[in-house]
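Dear colleague,

I am handing over the structure below, and my notes on it follow directly after.

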Amino acid sequence: MRIGKLLAAALGAVFAGVLTAGSAQAIVGGGPADEAYPFMASLQMPGEPRFHCGATLIDERWLLTAGHCVDSVEPGQLTVRIGSPDRTEGGEERRITEKVLHPQYKKEFLAQYDFALLALDRPVDLPTVAIAESAQVAGKDTRLIGWGRECSELECGEIPVFPRALKQLDTEVGADAECANTDGSVDLCVRGFGGESMCQGDSGGPALIRDSAGRWEQIGVVSRFGGAEPTDICGGEPDIYADPVAVRDWIDQQIGV
């Protein structure tokens, strides 16, 4: 399952280097999800219906996603399906009533502070995912999940084809220096193996680790490619994830923890 690297910008406005759902790529490599991820959510654009981005349930009323997924979208344009491995059916459906971009978010090539919180119209009675307590070191095992494209535009064409079933890919944390144009204070570099990675459509989804009790914790939000030059070939370079551990205080303040 490759979560490809170029995720086209939110309403088809593509800006190089940022992974949004508008253009299309999913986890390149990897395989079908082999367990339940009840906190995983798929953002949809009603009326098409069109898959937009991934997100995670971090509170009964709040989702965490990438800022570039929703910066040009009004909350009322989005719905979400939570807790189903099939992005087209099952789980719980909700409307989005509010979006909160990180105050330092910048919609530029680097997509700095690429975080957004989305409020649901009513609570969801599903397990949430906790944000990890501490930053991660290079070599730490990680897992990526998402519905992004399974091959890049150069390999499969420009028309997005997103899988219905959730995919997963095992990766690991890389050193900051392995990703170009990254800010180690708020970003996380993640590397795949053998050409596997995130791809278009995986934006906003999580990088996960296990805690000491074996439960999933979130350490990253799919943000952008980590190569020195923009490319639409998924799987070629490590990728950059926004690091929610670094903005935990902001998240807690916004959701009232």
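Please keep in mind throughout that this is a predicted model. L144 is found in strand 9, which covers residues 141–146, and its C-alpha lies 9.2 Å from that of I209, although L144 and I209 are 65 residues apart in sequence.

Turning to the aromatic side chains, the structure holds four aromatic pairs. One of them is formed by Y37 and W216, a tilted pair with 6.1 Å from centre to centre and 40° between the planes. This pair links distant parts of the chain, with Y37 in the loop between strand 1 (31–32) and strand 2 (40–45) and W216 in strand 13 (residues 216–225), 179 residues apart. Both Y37 and W216 are buried.

Another of the pairs is that of F51 and F162, which is edge-to-face, with 5.1 Å centre to centre and 70° between the planes. F51 lies in strand 3 (residues 50–59) and F162 in the loop between helix 2 (153–156) and strand 10 (167–173), so this pair ties together parts that are 111 residues apart in sequence. F51 is buried, with a relative accessible area of 2%, and F162 is also buried, with a value of 13%.

Coming back to W216, this residue forms one aromatic cluster together with Y37 and F39, and the charged end of R210 sits over the ring of W216, 3.8 Å from the centre of that ring.

With kind regards

Technical notes. Residues are numbered from 1 along each chain as its sequence is written. This is a predicted model: local features need pLDDT of at least 70, side-chain atom pairs count only at pLDDT 80 or more; totals for chains, interfaces and linings use all residues. Side-chain values use heavy atoms; hydrogens and water are left out. Helices (H or I, at least four residues) and strands (E, at least two) are DSSP runs, numbered from the N terminus. Rings of Phe, Tyr and Trp (its six-membered ring) pair if their centres lie within 6.5 Å; planes under 30 degrees apart count as stacked, over 60 as edge-to-face and the rest as tilted. Buried means under 20% relative accessible area, exposed over 50%, partly exposed in between (1.4 Å probe, protein chains only). A charge sits over a ring if NZ of Lys or CZ of Arg is within 6 Å of the ring centre and within 35 degrees of the ring normal.
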